[in-house]
Amino acid sequence: MLIKQISIFIENKSGRLAQITKLFGERGVNILALSIADTTDFGILRLIVSNPEVAERTVKEFGLTAKTTDVIGISIPHIPGGLAQALSVLSDDGISIEYMYAFATCSEDNAMVILKVSDNGEAMKILTNSGIKILTDADIATLF
Amino acid sequence: MWNKAIETMRRPDMEALQLERLKATVGRVYNNVPFYRKRLDDAGVTPESIKSLKDLQRIPFTVKNDLRDHYPFGLFAVPMKDIVRIHASSGTTGKPTTVGYTRADLEMWSECVARLVMAAGATGDDVAQIAFGYGLFTGAFGLHAGLEKVGAAIIPMSSGNTEKQIMIMQDYKSTVLVSTPSYALYMAEVMAEMGVKQSDIALKYGLFGAEGSTEEMRAQLESRWGIIATENYGMSELVGPGVSGECIHKTGMHINEDCFIPEIINPETGEVLEYGEKGELVITTILKEGIPLLRYRTKDITRLIPEVCPCGRTSIRMEKIQGRSDDMLIIRGVNVFPSQVESVLLGMPHISPHYQLEVSKNGFVDALKVIVELEDSSLLESFSQLEALEKSIRHKLQVVLGLDARVQLTEPKTIERSMGKAKRVIDLR
């Protein structure tokens, strides 16, 4: 199952992140994970949130360019080599990772990782066959 | 056609009319304007010595600073009691240049605008929304008078209050829009945001002016509005809008030659160039009474086209303004016109048609930054696509300008939207 991620184009201006996160706070949008990729001028903020539709509407109303994308969330053992194992099954099958980010949870046994890959369907199949747990919306919901 | 006799006049007849009016104008300023009396005396030109249109070239140029030096009314050729209207340039720096109109001038002005309005497709059946600012600026009053003359129903909206503009446009079923091209583009953006579609409005023609624009800009305006977009030209010093305007064939702007004699000169040397050659437009007003100007240097760069237009008008046309020598930036020794940048940007996907140029000094070296808004969210998927967009804009600018520019993508709506003339350049040097 795929998870909705929201990507927002933001300028590198001080206070911009504070502004956007404040908006989310006001609309009751909870942030579970985030990543920022940036250049000197701009960045792309990627978020996994409790309510992607509200989040997207909120930033668009604010006048920002934003897009919702399907990404894969996986749960892997929180041990040395855990991530490596998951990634190698993908690379073995020629699936490339465009970007990824991990996020902390309260669980001590598992770590969670968000993946954006070249082929979602194929990647899901490979991961499932390798016994790697794929997160569902329900799993995500329990984390908020 | 509004005035077929004048607009399709045979060339020899037009030239005879011009010569007669030129003689009268030179006589008038010689006798009534001390500044011109001295200028002409210094150049050894008397009104009687004007025998042919060629003799125009013996007359010295008039420049904007001459108007500034005689601010506000020093170049008026009639007493104040004969002046019935005063306008002024939008002059962003220093004193505005001030012009006065006699009753006959207002008549001539509306006549010139009536011709260009009809050439651009409008008739007495149209409902014309004027989104130029009413005030000292000549744009609104000029188009207003001309449209009124042809019998259109005028909505004097003035500029700004964009949501209301769209509402009125829908409710009153405006068929003609008058504005600057940049404001029309912004209005289209607001219309889309309001969820109003092309099919919800009745607009057929856009008459754009007061700032230059490119063919790419025209294409944007025509597709976003679903209209025929034409451009008209003028400046407050000469009369305001009405000097020239495009017909629906869009083959250049027909000059109202019975009122204005155009010349193209080499801006460096002042030498008069042949038809077809690119240079600075110089205009002599030959019917104006309030403030006639001899060989006024417009600083606008264009070309004159003498061939007859498919519309049947015999007037000489001027090409779209390719830039004002005023607007020209010299960056690292390279001449750059904002219009060149516009022609690159407006052809690009993923970005909005709004842009700004920022020129700064990095040590002793000039740096050009081109700021554009990212409009298309599909590129957010991958950073490399965004970088590729930046790279491709940069590459195209390099090809057109011969100059390396930094491209900055910004969030939508960060570039200030203008209700009048857009501010395209920020020079920090």
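Student: Where does the cut-off for an exposed residue lie, and are Lys22(A) and Glu26(A) buried or exposed?

Tutor: A residue is buried under 20% relative accessible area, exposed over 50%, and partly exposed in between. The model considered here is predicted. In it, Lys22(A) and Glu26(A) lie in helix α1 of chain A, four residues apart, about one turn of the helix. By that cut-off, both Lys22(A) and Glu26(A) are exposed.

Student: How far apart are the closest N and O atoms of Lys22(A) and Glu26(A)?

Tutor: Side chains of opposite charge can pair when their charged atoms come close. The cut-off for a salt bridge is 4 Å between the side-chain nitrogen and the carboxyl oxygen. Lys22(A) and Glu26(A) form such a bridge, with their closest N and O atoms at 3.2 Å.

Student: Which parts of chain B does the salt bridge of Lys413(B) and Glu193(B) link, and how many residues apart are they?

Tutor: The closest N and O atoms of Lys413(B) and Glu193(B) are 2.6 Å apart. This pair links distant parts of the chain: Lys413(B) is in the loop between β20 and β21, Glu193(B) in helix α8, and the separation is 220 residues.

Student: Why does Lys413(B) fall into another class of accessibility than Glu193(B)?

Tutor: Glu193(B) counts as exposed because its relative accessibility is 52%. For Lys413(B) the value is 42%, so this residue counts as partly exposed.

Student: How much area is buried between chain B and chain A?

Tutor: The contact takes 23 residues from chain A and 19 from chain B. Within chain B, Leu380(B), Glu381(B) and Glu411(B) lose the most area to chain A, together 42% of what that side buries. Carbon and sulfur atoms give 57% of the buried area between the two chains, which is about 1700 Å².

Student: Which element of chain B gives the most residues to the side that touches chain A?

Tutor: The rule finds two salt bridges across this interface, and Arg406(B) meets Asp41(A) in a salt bridge of 2.9 Å, N to O. Both α11 and β20 of chain B supply at least two residues of the side touching chain A. The element that gives the most, with five residues, is β20(B).

Definitions and conventions
Residues numbered from 1 in each chain as written. Chains lettered and ligands numbered in written order. Predicted model: local features only at pLDDT ≥ 70, side-chain atom pairs only at ≥ 80, totals over all residues. Heavy atoms only, no water. Contact = heavy atoms within 4.5 Å. Buried area = accessible area lost by both parts, 1.4 Å probe. Buried < 20%, exposed > 50% of the residue type's maximum accessible area, 1.4 Å probe, protein only.
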